Amino acid sequence: MFLLACATGDCARGLQDTFRRSLDTIHRKMAHVAEVMVRFGDKVICPKDPTYSTVSPKVAKWSPFFDGCIGAIDGTHIEIVADKESKEDMLNRKGFPSFNVLAIVDHAMRFTFVGSGMSGACHDMYVLRECQTRPRFPKPPPGMYYAADSGYQLAPGYLTPYKNTRYHLKQFVEVGPSTWEEKYNHDHASIRNVVERTFGVAKNRWQILDGVPFYKRETQSSIIVACCVLHNYLVERKAAKKPEEQGTPVNRAFVEWLAEMPVHEMRDWIKTGVAFIDPKDSRG
C-alpha cells in the first residue's frame, strides 16, 4: 500500500477504495511504514565513502580545480496538503503550502542527506543552519566542499557561483561564456546540476513528491524521506549490476593546501584555472 501510494500519489481515500480498509487504518499504516523507512534511511542516506578518499570521475575533466567537490547541495519545495490551522504557516513565496526540503547529493546521484519538515516559508540558509545542527549532517572535511547555488552563502565547505553574472545552463545555450566569471559559473552549474537531476528522477519515479496528500505533518515529512531512501536503494541495486568507474585517489596534500586558503581566494583560483579548460571538454 505504501509503495503504491508513493508511486501514484494516491491519497488516503483512493487507497481506501483500492484496499478496502478504513481511513484510520490507512493513516496508521502509512505513518508506521514511513517511520520504519526513515530508520532504514540512517543506513542508506549517507556518504558512501565518509572519508572521501577518491575524486569522482564526474569532475575529473576539470582536475585539479574541482577535485575538492564532494557533491551538490540544494533545496526544493515539495507541495503538501495542509489543514486550515497550519496552511498559512506553510505557504512559500509562490503561494502554495510546502516543505522546503534540503538535500545533499553525491556525483553518483545518491542522496547523502535529506532535511525534511521545514516550512516552505523558511529561507534556504535558515533550513541549512537548522540541518547543520543534526548529528547525521555530513559536514565537508577541510579543503572539500559542496557545490551550492546563489541562495547559499559562500563559506568554507560551500562553493557558490559569482552573483550578478549568468549562471544557469540554459542561459548559455545560444551564447557561451564570455568572461572568466561566466566560464566558472557555467562549469559550476554543470557540476551542481546533479542535485536537480536527482530530484527529477526521484519525482518522476515517486509521484507523491509532486504533492503529498493530507496526513499528519510528521508523516508527510517522513514520506518524503522514504522516497529518497527508495531512490538510493534502487541506485545501489543498479550499481551492483553495473559497477561504477572508480575515481582517482585524493591528493591529501592538495586538499590541505586548499583548506588553508580563504574561500573567496579558493573560488578565484578555481575561476582562473577553469578559464583555460577547453569548453568542449566541460559541457554539462
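Author: Gly200 is found in helix α6 (residues 180-205), where helices are DSSP runs of H or I with at least four residues, numbered from the N terminus. This is a predicted model, so local features need pLDDT of at least 70 and side-chain atom pairs 80 or more, while totals for chains, interfaces and linings use all residues. Residues are numbered from 1 along each chain as its sequence is written, and side-chain values use heavy atoms, without hydrogens and water.

Reader: Switching topic, which residues line the largest cavity?

Author: Ile78, Phe199, Leu209, Ile224 and Cys228 line it. A cavity is a set of points on a 1 Å grid over the protein atoms alone where a 1.4 Å probe fits but cannot get out, and lining residues have an atom within 4 Å of a point.

Reader: Nice, how much space lies in the largest cavity?

Author: About 30 Å³, taken as the space filled by probe spheres set on the points, which are joined across faces, edges and corners.

Reader: Last one: which helix is Phe40 in?

Author: Phe40 sits in helix α3 (residues 23-44). Phe40 counts as partly exposed, at 34% relative accessibility.

Key. 1 Å grid on protein atoms, 1.4 Å probe; cavity = no way out; pocket = protein on both sides within 12 Å on 5 of 7 lines; lining within 4 Å. Helix = DSSP H or I, 4+ residues; strand = E, 2+ residues; numbered from the N terminus. Buried < 20%, exposed > 50% of the residue type's maximum accessible area, 1.4 Å probe, protein only.
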